[in-house]
Amino acid sequence: TPQPLESQKLRKSDKLANVCYDIRGPVLDHAKRLEEEGQRILKLNIGNPAPFGFEAPEEILQDVMRNLATAQGYCDSKGLYSARKAIMQECQRKEIPGVGVEDIYIGNGVSELIVMAMQALLNDGDEVLIPAPDYPLWTAAANLSGGHAVHYLCDEQAGWAPDMADIRAKVTSHTRAIVLINPNNPTGAVYPPAVVRELLDIAREHNLVVFSDEIYDKILYDGVEHISTGALADDDQLVITMNGLSKSYRCAGFRSGWMIISGDIAKKRAADYIQGLTMLASMRLCANVPAQHAIQTALGGYQSINDLILPGGRLLAQRDITFEKLNAIPGVSCVKPQGALYAFPRLDPKVFNIQDDQQLVLDLLLQEKILLVQGTAFNWPEPDHVRIVTLPWAEQLGDALDRFANFLSRYRQ
Ligand code: PLP
């Protein structure tokens with residue numbers, strides 16, 4: 001006999017059992033409810049530049065609009081030729097060798113490409129080394145693909161550099177790949193070439209694919225330089241570099257990113273994997289075409305992001321005030337972010353009594369109407385960090401951090 005309708009729950013797939021993306025998790029639902037009630041929330045939770053007045057360069061908007069009429073059809077699954085050519089030239093500037101237009105895949109943001117890259121690579125039980133803290137889409141995508149995200153620690157005492165001993169200890173016969181996020185979200189670390197080289201050495205020893213997420217490669221402070229992983233790797237190492245328009249070019253809503261395959265000798269060995277990537281790219285036909293018309297304009301010519309990060313620039317001023325205000329709070333310490341759009345301060349467990357960092361962030365939302373993301377959402381193992389987006393004007397950030405300091409004083413033990 002058929003079961004009564006109310007007992008036949010529609011359950012999500014078991015594939016989602018280990019998949020979570022808590023940057024947009026339960027606390028955000030509370031924030032939405034408060035907004036519906038008419039409250040104003042200061043959203044320091046998502047790295048979305050445009051709502052904070054960081055608008056895309058005018059010439060990018062003009063070029064997308066000018067090309068709209070001719071962007072009605074599907075394009076090649078890997079993307080528009082002119083856009084891929086511009087990305088190829090960007091690879092030459094970043095000294096990533098041997099990249100041709102066929103080695104470039106354009107996607108609906110880096111997000112889509114991260115999922116595609118994991119889906120094409122992983123068999124059930126395969127392991128991927130992912131940093132902790134991480135940008136959690138990497139973990140979610142590895143787990144969704146039947147793989148298993150294994151987190152290697154980054155060392156806060158060492159400016160959040162990857163802990164090489166921890167990486168070595170966590171490589172197993174199932175490890176297929178290692179992920180590097182540089183400049184890093186959430187820590188703001190930018191790795192010197194020696195660190196990247198050491199990581200590449202481990203990858204070579206164990207024949208791991210290297211995924212290098214470089215979406216913040218142009219958001220750098222204090223004159224620090226970013227060197228692409230692909231520029232430091234040997235020809236026999238497969239490196240997949242991700243980048244896009246969302247951050248440096250402030251068009252996150254356009255959903256446009258790209259993936260570059262480098263390592264001339266390795267590419268031959270990886271032909272089957274690359275064929276898998278091409279198939280997944282063709283299954284979704286192509287990425288949003290109008291947005292692809294922004295790529296050539298964005299990458300060529302003057303890089304307006306420099307006005308924001310050099311001395312006198314708005315992003316730099318905001319990074320500075322965040323860093324200063326956080327470190328002035330007793331019991332809080334923050335490594336100076338050298339790139340990207342975030343700070344990831346530590347709330348000393350000897351000073352604060354925090355058992356559950358999601359509850360902390362929820363309390364802050366309810367009491368101060370400020371929305372942060374808890375450190376554990378970035379797969380950080382302890383409830384002793386939060387991530388703060390450094391996008392609001394310095395004055396607004398300063399005020400928010402004063403309120404955060406006040407709020408935290410109630411958590412002192
Ligand atoms: N990778 C990192 C490290 C990010 O921080 C983000 C977005 O915040 C993404 C990838 C996703 O970017 P996209 O907008 O290109 O999907």
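Which helix gives the largest share of the shell around the ligand? It is helix α4 (residues 109-121), with three residues; helices here are DSSP runs of H or I with at least four residues, strands are E runs of at least two, and both are numbered from the N terminus. Before we go on, note that this is a predicted model, in which local features need pLDDT of at least 70 and side-chain atom pairs count only at pLDDT 80 or more, while totals for chains, interfaces and linings use all residues. Residues are numbered from 1 along each chain as its sequence is written, and side-chain values use heavy atoms, with hydrogens and water left out.

Let's look around the ligand. Among the residues around it are G109, V110, S111, N185 and Y216, where a residue counts as near if one of its heavy atoms lies within 4 Å. By type, the shell holds five nonpolar, four polar and three charged residues. Here Ala, Val, Leu, Ile, Met, Phe, Trp, Tyr, Cys and Pro count as nonpolar, Asp, Glu, Lys and Arg as charged, and the others, Gly among them, as polar. Polar contacts are pairs of N or O atoms within 3.5 Å. In the side chain of S111, a polar atom lies 2.5 Å from a ligand oxygen atom. For Y216, the distance from a side-chain N or O atom to an oxygen atom of the ligand is 2.6 Å, and for N185 it is 2.7 Å. The protein buries 94% of the 400 Å² that the ligand exposes when taken alone, with areas from the Shrake-Rupley method and a 1.4 Å probe.

N185 leads us to a backbone feature: its peptide bond to P186 is cis, with omega near 15°. P186 sits in the loop between β6 and α7. The bond from N182 to P183 is cis too, with omega near -5°, and P183 is placed in the loop between β6 (175-181) and α7 (193-205).

Now for the aromatic rings. The whole structure has seven aromatic pairs, meaning rings of Phe, Tyr and Trp (its six-membered ring) with centres within 6.5 Å; planes under 30 degrees apart are stacked, over 60 edge-to-face, and the rest tilted. Why is the pair of W138 and F211 called tilted? Their ring centres are 5.7 Å apart and their planes stand at 45°, so the pair is tilted. Because W138 lies in helix α5 (residues 137-144) and F211 in strand β7 (residues 209-213), the pair ties together parts that are 73 residues apart in sequence.

Definitions and conventions
A polar contact is a pair of N or O atoms within 3.5 Å; within protein, one must be able to donate a hydrogen and the other to accept it, and residues adjacent in sequence count only if both atoms are side-chain atoms.
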